[in-house]
Amino acid sequence: KEKLMGLFDIFKGDTGEITPHFAFVTSLIYMIGADGKVENEEVGQLLAVLGGEDSGGAIGVGAQNQELLDRAFRYQQNTPVDTFLTEVTPILTDAQKMCILTNILDSSLSDGSAAPEEQTLFGQFLQAFGISEERFKPFFDVLVLKNDRTVFTKTDHPSNQPGHTVQLKL
């Protein structure tokens, strides 16, 4: 008998298990798609955290992470972010939540600024994870500093003024 359900083959081997690693990758995908456009810098950041693999001159995701990435994309396309956050928050440790938050913020800032939709989404993650803005502020400041490359292109940048010292306010 010929099998007619080939369309569903994409789900083979997919246990559907929501793990912290799956939550991490899926969080990045939600952030990348938040403003409706995928920037090269955002894709580069996703590849950087997943681990890229050189294949015939093109950089792609290593085979071990390709299945995870595909599953995360499918999940993100079919699941509202509120549902996702409700499902993953209870399984994440504080360290995992902070890792996700710093990485999705880094992704949103990778093209120079966070779009309003990215800012809103980041706020949803903070709230769902129970992390206050006050607690997260030092991490925020470091990532803003990391991604503000205008210090190299704007001679009148406030941070480049004589006597200015970059400091972390705790």
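Analyst: Let us begin with contacts. Contact here means heavy atoms within 4.5 Å. Please keep in mind that this is a predicted model.

User: With which residues is Glu 17 in contact, leaving aside its neighbours within four places in sequence?

Analyst: With those neighbours set aside, Glu 17 touches Phe 22 and Arg 71. Glu 17 is placed in the segment before helix 1, which covers 20-33.

User: Is Glu 17 buried, partly exposed or exposed?

Analyst: A residue is called buried under 20% relative accessible area and exposed over 50%, with partly exposed in between. Glu 17 has a relative accessible area of 48%, so it is partly exposed.

User: How should I read a salt bridge, and how many salt bridges are there?

Analyst: Side chains of opposite charge can pair when their charged atoms come close. The rule applied here asks for a side-chain nitrogen of Lys or Arg within 4 Å of a carboxyl oxygen of Asp or Glu. By this rule the model has 3 salt bridges.

User: Which residue forms a salt bridge with Arg 135, and where do the two partners lie?

Analyst: The partner of Arg 135 is Asp 94, with the closest N and O atoms 2.7 Å apart. This pair links distant parts of the chain, as Arg 135 belongs to helix 7 and Asp 94 to helix 5 (residues 94-109), 41 residues apart. Both are partly exposed: Arg 135 has a relative accessibility of 36%, and Asp 94 one of 40%.

User: What does the salt bridge between Asp 106 and Lys 146 tie together?

Analyst: In this salt bridge the closest N and O atoms are 3.1 Å apart. Because Asp 106 lies in helix 5 and Lys 146 in helix 7, the pair ties together parts that are 40 residues apart in sequence. Asp 106 is buried, at 10% relative accessible area.

User: How far apart in helix 7 are Asp 141 and Lys 137?

Analyst: They are 4 residues apart, so about one helical turn separates them. Their side chains meet in a salt bridge, at 2.8 Å from N to O. Asp 141 is partly exposed at 25% relative accessibility, and Lys 137 is partly exposed at 44%.

Note on methods:
Residues are numbered from 1 along each chain as its sequence is written. This is a predicted model: local features need pLDDT of at least 70, side-chain atom pairs count only at pLDDT 80 or more; totals for chains, interfaces and linings use all residues. Side-chain values use heavy atoms; hydrogens and water are left out. Helices (H or I, at least four residues) and strands (E, at least two) are DSSP runs, numbered from the N terminus. Buried means under 20% relative accessible area, exposed over 50%, partly exposed in between (1.4 Å probe, protein chains only).
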